[in-house]
Amino acid sequence: MHSRDEDSASQSNSFPEETHSSRRHFLSQLAALSASLTIAAPGARAASSKERSNAEASDPERPESLIDIVLKVNGQEKRLKVDSRVTLLDAVRDRLNMSGTKKGCDHGACGACTVLVDGKRVLSCLTLAVMAQGKEVTTIEGLAHGDELHPVQAAFVTCDGFQCGYCTPGQIMSAVGCIGEGHTRSDSEIREFMSGNLCRCGAYPNIVQAIKQAATQMKGAVS
Amino acid sequence: MNTAFQGLNRDRFDAKLKVTGRAKYTGDHDLANMAFGYLIQSSISRGQIRSFDLSAAQESSGVIAIFTPFNSLKLYHPLGREEGGASGEVIPLLQDTQVHYFGQTIGLIVADSFEQARDAAALIKVNYEPKAAVVTLESGMAKAYQPQSVDQQPPTWSILESGASSIDDILRQAEASIAQEYTNPIEHHNPMEPHATVAVWQEDRLTIYDATQGVRGQQRTLAAVLGIDDDQVRVICPFVGGAFGCKGSMWMHSPLTAAAARVLNRPVKTILTREQMYTTTGHRPALLQKIELGATRDGVLRAVKHEVFSSTAATKEFIEAAAHRTSRYLYKSPNILVSHHLVPLDIAPGTFMRAPGEAPGMYALESAMDELAVKLGIDPIELRIKNHAEIYPGKNVPFSSKHLLECYQRGAEKFGWAKRIPEPGMTKDGDWLIGQGMATALYPAHRAGASAKVRLQADGYVTVSSATEDLGTGMYTVLAIVGAQSLDLPYERVRAVLGDSALPPAPGAGGSQSTASVGPAVVVAADLAKKKLIEVAAKDQKSPFQGAKPEELSYISGEIRGNGKSLSFNQLLGVLGRSAIEATGSSAPGDEEHKYGFSSFGAQFCEVKVHALTSEIRVNRFSSVMDVGTVVSEKTARNQIMGGIVFGIGMALLEGTQYDARTGWIANRNIAEYLVATNADVPAIDVEFLNRPDLQFNSIGARGIGEIGITGTPAAIANAVYHATGRRVRQLPIRPEHLLA
Amino acid sequence: MRAFQFKTAASPRDAANSGTDTAFIAGGTNLIDLMKLDVVAPARLVDLGPLSFRGITVDGDGLHIGALEKMAEVAEDPRVVKEYPVISQALLKSASAQIRNMATMGGNLMQRTRCGYFRDAVSPCNKRVPGSGCPALEGENRMHAIFGVSDSCCATHPSDLAVALVALESVLKLQGPQGVREVKLEDFYLLPENTPDREHDIRQGEMITEIFVPHNAWTGRSGYLKIRDRESYEFALTSAAVALDLDGSTIRDARIAVGGVGTKPWSLPVVAEALKGKTANRDVFAVAAEHATEGARMLSQNGFKVSLVKKTIVRALSEVGGVA
């Protein structure tokens, strides 16, 4: 995110520790290898950022206030306090410590954050956590049964459907969704319907093979 | 090893971790009391920062600290490469108020959560004094200059046959000649994993999780910039989510995050946004390449002249050596001239990007060769064969192991080249024009000193470790296979460990050098471990072999045998009450470097279709035959070559960073409008390896494979587009508007 | 992203009365993206999820689609696929499978431009900050419009669905504090002129509740062609939604709209007129398509779209008309 230009020359006094010493919890540090810490003198408004958050939490009209939500992730209910801005992706990664779902772009352009919501593949970076309540969320961590890999996972292993592995959780969740949608009737259909998952390492040919293999196996298993 | 090294075809070592989401990348690390860092970047290209207005940002909830040049974190000047430094920038950031390029990092904000840091950063106002900036190759040409050297060669390097006064003379007199210009835009690596750093201090010791291609280089570079000693820094990075060169240098978010963590006395995690990566972690420079080829009317080259103008940041030289790394040695010609000029621009520093130099250089050279073939009415493969170099031009040494002719022949066969109608625009499929093209693939073989440890354990497993990296390149698998083959054990008994600067030193994972550098070190370590095992077996009081002479004992497939007894190594360790026996081995290039030319080669074939009306270009099929030495890990190697080809499809048809010429602002600073290949863009790709060991290069016979896949791809595609349409496009990416009737 | 108050709409009235500085959120795929960029920063978000504007119905008049229907659902509805194929095809060529699972029909129609200057909160942009200037006119404009361009703005409208719906003369049902009204989709989108910040004929508190596509003789023989640099997951360089009413090989009537080239979906009645009564063949299509670019304004990087959009029309007509 870029800082904004200003044409006016009004901000001439720009040494923060002078102008903001009375502000809460703002640390300033000038060049010093030995890292001597100067904590701005806390005044009457010295509430730490954590304390401030708690105060806000009790005021439901404040936009920054934390909301109590319950997410059902991989069959388990998880209670969280998040502000309205938090995405399902960041809720899962940063608050639930489930780092399997990856952030590739945070703007819905790469598919790395794909999870299943009520069985459908969606982008968790464009889903607000508060809007995921009451739904079944499935992440990569919820796919295997203990040590037994899901057929899609197993197929990705044998077909080497990845290299660096960063897009892989998203590819696999998307593949599960794609197979569920019935969009695996040909190689070209798989390619098109998996194009929402970018792979910069270029493992696409193997990804297609893996999905074909898994889809065949799962169809066989079902009948 | 007694017999020639054999590669294996095995599932990737780290496969299970990756498919279950358990592989931890840098940004996945969660530490107690961790704060979140977020970069603040300039919105002007050049000038001075007058001031920051931080008032609104400071009021924003969760903000802990805002560091700017006025409230700075002390960073020192990075070490140069000759001192083992690996910094992408030369100027330590935040130490003054100068802005050198659009998107330069000018601050770091730290907050309790990512959302709070991001949102407070948006509230920061910066007051600039802007200056005019020069940001495109065309506008910067007037200031072009030659660097001091290129790959330790003069910036203009030439060989001239005796009696020739100049290469231009030869070109003028040639029976047939080609003189063309080719251009490449700036490209960005766009690995799926954004750069990230998690820094935590314990007193004056820093542990840093950092997305890097080289933990050792990162350790050294970080230490110097932070003003501490190497051994106060430990860099950990077991998984890299793609790099392609952009994680091969230290970028400033790493030391800034570490410095913030030190000052704040709590762990700090900074993850770059996709947008921020476009101006903070390097790019492939833009190029203008001029190629002139002179030949006899039978197609024998008389002269190859390749001049390159590449962009560089005004603050830091980076040379994309397109001519020195290609035309200088690929084809046999009595007269060769390669030259390089740099065009300084007010943009962020460039860096290595997959096959730096080779990728754009081969696009130009292999396009020019195709143009020559067309002009002479000679088959493109024939033309290459006629000019095949057995001896490394200039160096006058033989190539150690070069089977390029076989690549052409085998590749042509598999692709069905003989069925191709040579005339362009004659092959159709409904409304689609079909074209077939080919190009040579080329990548030098690099190797550096490395060490590895082999540890035979009481639990029956063997651990092979080295401070190398796996970027998706398959290095875990290579370590496990080399370890297994060196010890004649099943692959499943070997554990590979890498990505920690505390491990035995290895070079950065770049230049396709990891297998060739670390593999032989593993072999040495395994030999030493076997010897040690036997020594211990012979000496230790509790050993059933005690008293035997070491020569009477042998190691066979995990067992010590001798004097009518045999015991597996883990059984022996059990009897001895020892947890392990280990040895560290090292390996380095020797004087073979002066006796041979070491390079990998390939032949790449492409069929495209171009819509006759609307001119979209799509790749129908692609075929590659590669001569890369011993293939250690078949499955991962194949994937790497395919990945290089996919990268090449992007380079040929899709990629290019768009700079507003007036301001240096980047229009497509995201992964929706910066176009990389999608699944639907990639057809079936056929890859064959000749698998001829290059034992002159190292004991395993392996050369690198990470980058060669891209090198012939753009030209093969461009040549196929010409064949489909009769239109020659000499700029990348090739787009529909270049082909509209 | 500015902090915001989050509410769930209990009813359409409840949503409509949420006050100013409020955005409605349905799928969120465009809104969350823009909020993260600080391009839009509403103080309040109202989730329309519980509202009942759903359903896909076909009756004697035509096709009725609830605005909250997901793109994926509509794309694969057998009746849409068979009777209004241009809509299904436009949907399937939009975005990615994941986004189509999340995004609603109404949301897609309200989607904002991809212009890089618009999407960068610190860049001048008349659409985002009226009066600040349009850097795209002389800047990076390969993806920008040649139709409906003014001296204030040249940003391309991004929606494929909108092009298909405009071609079929679709009508929007809107509901707000002042009640219910209908607007032709083609008129719902406003030209930038010198108010590029005003994109839609929509009033405070109004939401789209339904999309109505009238059945006509040409709706069943229709298709969407999207020309792009890469095979998938990209906005259009040019696109064409075409519909033909054929009597044997004679064109009785036609409807054409093009995308990727207009500041709003660009209807081409002049091309349709030129086709009426003619025989369906390439040459006829090519002659008719020549009319398409009358009044086009080329920018520094997008001049090729003048030629490309005509070829796109010809190809689309050929494919839909079953003509070699």
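## Interface between chains A and B

In the predicted model, chain A and chain B touch through 84 residues of chain A and 104 residues of chain B. The area buried between the two chains is about 7600 Å², and carbon and sulfur atoms account for 51% of it.

Polar and ionic pairs also link these chains. There are 7 salt bridges between chain A and chain B. In one of them, Arg93(A) pairs with Asp28(B), with 2.8 Å between the closest N and O atoms. Polar contacts join 25 residue pairs across the interface of chain A and chain B, counting pairs in which both residues have pLDDT 80 or more.

## Elements and composition on the chain A side

By residue class, the side of chain A that touches chain B comprises 34 nonpolar, 25 polar and 25 charged residues.

## Interface between chains B and C

Contact between chain B and chain C involves 32 residues of chain B and 32 residues of chain C. Together these chains bury about 2800 Å², with 52% of that area on carbon and sulfur atoms.

The interface of chain B and chain C contains 6 salt bridges. Arg669(B) and Asp120(C) form a salt bridge through their side chains, with an N to O distance of 2.9 Å. Residue pairs in polar contact between chain B and chain C number 18, again with both residues at pLDDT 80 or more. The side of chain B that touches chain C is made up of 15 nonpolar, 5 polar and 12 charged residues.

## Helix packing within chain C

Within chain C, helix H5 (residues 85–92) and helix H8 (residues 160–167) have axes that come within 8 Å and cross at roughly 170°. Because angles over 145 degrees count as roughly antiparallel, H5(C) and H8(C) are roughly antiparallel to each other.

On H5(C), the residues that make the contact are Val86(C), Ile87(C), Ala90(C) and Leu91(C). Their counterparts on H8(C) are Asp160(C), Leu161(C), Ala164(C) and Leu165(C). The contact of H5(C) with H8(C) thus comprises 7 nonpolar residues, no polar residues and 1 charged residue.

Note on methods. Residues numbered from 1 in each chain as written. Chains lettered and ligands numbered in written order. Predicted model: local features only at pLDDT ≥ 70, side-chain atom pairs only at ≥ 80, totals over all residues. Heavy atoms only, no water. Contact = heavy atoms within 4.5 Å. Buried area = accessible area lost by both parts, 1.4 Å probe. Salt bridge = Lys/Arg side-chain N within 4 Å of Asp/Glu carboxyl O. Polar contact = N/O pair within 3.5 Å; in protein donor to acceptor, adjacent residues only side chain to side chain. Axes fitted to C-alpha atoms, helices over the stretch in contact; angles between N-to-C directions. Helix = DSSP H or I, 4+ residues; strand = E, 2+ residues; numbered from the N terminus. Parallel < 35°, antiparallel > 145°, perpendicular 65-115°, else oblique.
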